[in-house]
Amino acid sequence: MTIQTANLNQVNPYLPFGDRQDAPFYGKDILSVKQFNHADLNYIFGVAHEMQEMVRRVGTFDMLKGKILTNLFYEPSTRTSSSFTAAMERLGGSVIPINEVRYSSVAKGESLPDTIRSLECYSDVIVLRHPETGSAALAAQYGRKPIINAGDGTGEHPTQALLDLFTILEEMGRVNGLTITMLGDLKYGRTVHSLARLLTLYNVKLNYVSPELLRMPADVIKEIGDKLIPQAEYTSLDEVLAQTDVLYVTRVQKERFENPEDYEKVRGSYVITPELMTKAKSDMIVMHPLPRVGEISMDFDDDPRAAYFRQMEYGLYVRMALLALVLGKT
Amino acid sequence: MTIQTANLNQVNPYLPFGDRQDAPFYGKDILSVKQFNHADLNYIFGVAHEMQEMVRRVGTFDMLKGKILTNLFYEPSTRTSSSFTAAMERLGGSVIPINEVRYSSVAKGESLPDTIRSLECYSDVIVLRHPETGSAALAAQYGRKPIINAGDGTGEHPTQALLDLFTILEEMGRVNGLTITMLGDLKYGRTVHSLARLLTLYNVKLNYVSPELLRMPADVIKEIGDKLIPQAEYTSLDEVLAQTDVLYVTRVQKERFENPEDYEKVRGSYVITPELMTKAKSDMIVMHPLPRVGEISMDFDDDPRAAYFRQMEYGLYVRMALLALVLGKT
Amino acid sequence: MTIQTANLNQVNPYLPFGDRQDAPFYGKDILSVKQFNHADLNYIFGVAHEMQEMVRRVGTFDMLKGKILTNLFYEPSTRTSSSFTAAMERLGGSVIPINEVRYSSVAKGESLPDTIRSLECYSDVIVLRHPETGSAALAAQYGRKPIINAGDGTGEHPTQALLDLFTILEEMGRVNGLTITMLGDLKYGRTVHSLARLLTLYNVKLNYVSPELLRMPADVIKEIGDKLIPQAEYTSLDEVLAQTDVLYVTRVQKERFENPEDYEKVRGSYVITPELMTKAKSDMIVMHPLPRVGEISMDFDDDPRAAYFRQMEYGLYVRMALLALVLGKT
């Protein structure tokens, strides 16, 4: 046990890790993309990049040994919960998975603040997914331990936005100067709203391509415009594909359309195929938050520009970085 | 691996831990509060206290490294299963969670003895939650590995009673000489029955405050009385609040009442508020097994006498102690 | 961390373990019993035997520290998923459990190849249970990481067949020369088909005892016969029990019969009791894939020939061996 304690504080030969209570994110909650400035992002992405190096070199390390993460998911999200589980385990920590909130006493009338204050008796950090907007902020108000928002209703999903941005940075080598085209359902897509907001910290050009019914909401456009980011709307990808550096594809859901025929018509015109992509740059990338259901042809998967599965992997590194940061390890 | 084996048996600088097959609880089942005498409780709480010290000092330690706990929950109880998971993980062990018994082959007609004998092929200790009274004893009869009863029907939930008692001990510094008032639903509350039984090992005075409909059952009162513990029943908290050292609040469930108006009337008269608590001692504590649904006002949470969230944390230490004990580590 | 990396590669004093990319099963998928030859089985069972020794001597070891297994179960199988979880944890690795595929985004129309390619971003090996025959092969075609088939529809369940064979080897000391009698539902039992196929790599005599309705399928009999393995069919166990070295009992399910009376008649005639077993050899064994529902009387459980719970434990060692093998550790 002496040895172990020593390990927790030992000087890492690769990274300047340690138990640093003066670390910039120590004990902080991760609630919204709005909480980050440019310097914060640089810091987070620097750590995420180092996580990537470490995973590739040694697979796992004991930075968070002895720390416990509770994955509190009021609605299921296999992908997000798995990603946080893997992130915690790759750092040597443990996970308490709570995926069945609907069956449990937690659901039987107990308030979110009480649930949080109970679970933090066992845990060092809580990842929360909740269907109601504002839940993460409520949890953070009552909790003593860091809360990481893994999606609260139509509100925020900040770790998704961070991993999207990290993907652009790692794949393109920079964010400034890029033309980023968002495609598909831009009205209901929480993902594209958060990413667009985060991109206002950089010098980018944004294109929005969607059916009339699913245009980027006016308030988001205004918010982005206020930051002097050039934006343009289109209904066809053809007009902007050739200039695009990052094509961010989202799913167009059938349920959004009153008339199924409208859906079928629209759907076909936003499918990414190898043929279509002959018109795109050779050094651009295609992203997608996944799961996809037909928006990108599987024939395109082996194209080096298909970045969507790598995007999942970057998510692991970003979540590792966030866990290490809020627990004061870097 | 040599190093690891050595760790398992190494002399702990803080505690006299090791692989002791002569340890008093080695290989034992934890089935009922009735199995413990005063010396047992002293021993368990001594270890639980040391666990608390260790967690606060180093967070985690590898006492149960290589040991596997199976959490076999035939009915959901997020709080209890999470607490055992955290306890095992803080001791360096691993957990196999089986929360979905209803969907699995385990549920398809297999007998509990067969399920236990199958799962113990993989595990070193099994925590069992089952809706039928007597299941834990049945499991223990057939199993070779220790069984810890995490609640069997209207029967026992011994680890809850132990953590309640440990909370009193840690918060008040003693149990003897205290006046303990139990409030709310004393008829159906498994928790208060077990705690009352356990308290007969000490010199305490017990007050029961409940609506007429939800009085402490006659057989429990007789059992306690046979041990010469002074008991008194009340319908109003006012009569005893000022003398109370420990106020144990339980939930009054609406379903217990035929007439909803009766419920509403009763409910209001048992709500703990800051105003009400001005009449109580300054060094008393308020406990609750949680979840609460209105029995204690959230306005009272910041009062130092509000011990119910700390009670959750003491549960962690008691469960760590029990796991270490039955696995022969102390 | 330096220390940890060193551990991963250190020379094990007991076994010749290490990070061997030239290891014979490194990176391989485990999809079907048909992929193994006699030498493969010898190798796998040699490692499984060493795993057994290690577990008994030290309980656990860090051979797969830092490796992550995803348990991707599209249909529930507590027993199989628990076994793989325990195997991974006993080797020091971590597990991402995905048991709720039906509720999650994974189920919302995403293709199996996409799910596999997403999850392998976080994991080093994936154990897949899926209701559709051929799913494991499909997953392996798209995945970069090893896939272990934990049952795909009426197709294969190779790790069950391997553990059955390992049980025979460990309990009887050999496979060649044995008379193996399969009893019960031989028509629908995936288990007996796979085991029979695997046994053609040895010199054995096979007896099939079943009701007329549930006979071993003609194509399996032909396949076995082509390998020149002697086979014989019976409707009564009496005719072959005395000569049997291994009695493999399976469950006869009521649903297979149109007439419930036929079921009751048949059922009774295939129940293993202590009385019946007085006619069997003293050094034979009785196996069962479990769960049982009355096919073997609980009165027989304490007989040393009752090998079915030990069979579960052998499953742990076989799965530990397979995980270590595909991850290149031996």
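Which residues is Val271(C) in contact with, leaving aside its neighbours within four places in sequence? In this predicted model, they are Gly294(C), Glu295(C) and Ser297(C).

Val271(C) sits in the loop between α9 (260-268) and α10 (274-277) of chain C. There are 15 other C-beta atoms within 10 Å of Val271(C), so it counts as partly exposed; the buried class would need 20 or more. As for Ser77(C), it is 194 residues from Val271(C) along the chain, and the C-alpha atoms of the two are separated by 25 Å.

Next, a strand in chain C. Strand β4(C), residues 147-152, has six of its six residues buried, so the rest of the structure largely encloses it. Its pairing with strand β3(C), residues 125-130, is parallel and runs over four bridges. One bridge takes Ile126(C) to its partner Ile147(C) in β4(C). To get from β3(C) to β4(C), the chain passes through helix α5 of chain C, residues 135-142, and this β-α-β crossover is right-handed.

Last, the nonpolar core. The largest one has 297 residues. Those with the most contacts inside this core are Ala321 and Leu323 in chain A, Ala321 and Leu323 in chain B, and Ala321 and Leu323 in chain C. As general background, nonpolar side chains in soluble globular proteins tend to be buried together.

Note on methods
Residues numbered from 1 in each chain as written. Chains lettered and ligands numbered in written order. Predicted model: local features only at pLDDT ≥ 70, side-chain atom pairs only at ≥ 80, totals over all residues. Core = buried A, V, L, I, M, F, W, Y, C linked by C-beta atoms within 7 Å. Buried ≥ 20, exposed ≤ 12 C-beta atoms within 10 Å, placed from the backbone. Helix = DSSP H or I, 4+ residues; strand = E, 2+ residues; numbered from the N terminus. Pairing = 2+ DSSP bridges. Right-handed = clockwise from strand over helix to strand, strands pointing away. Contact = placed C-beta atoms within 7 Å.
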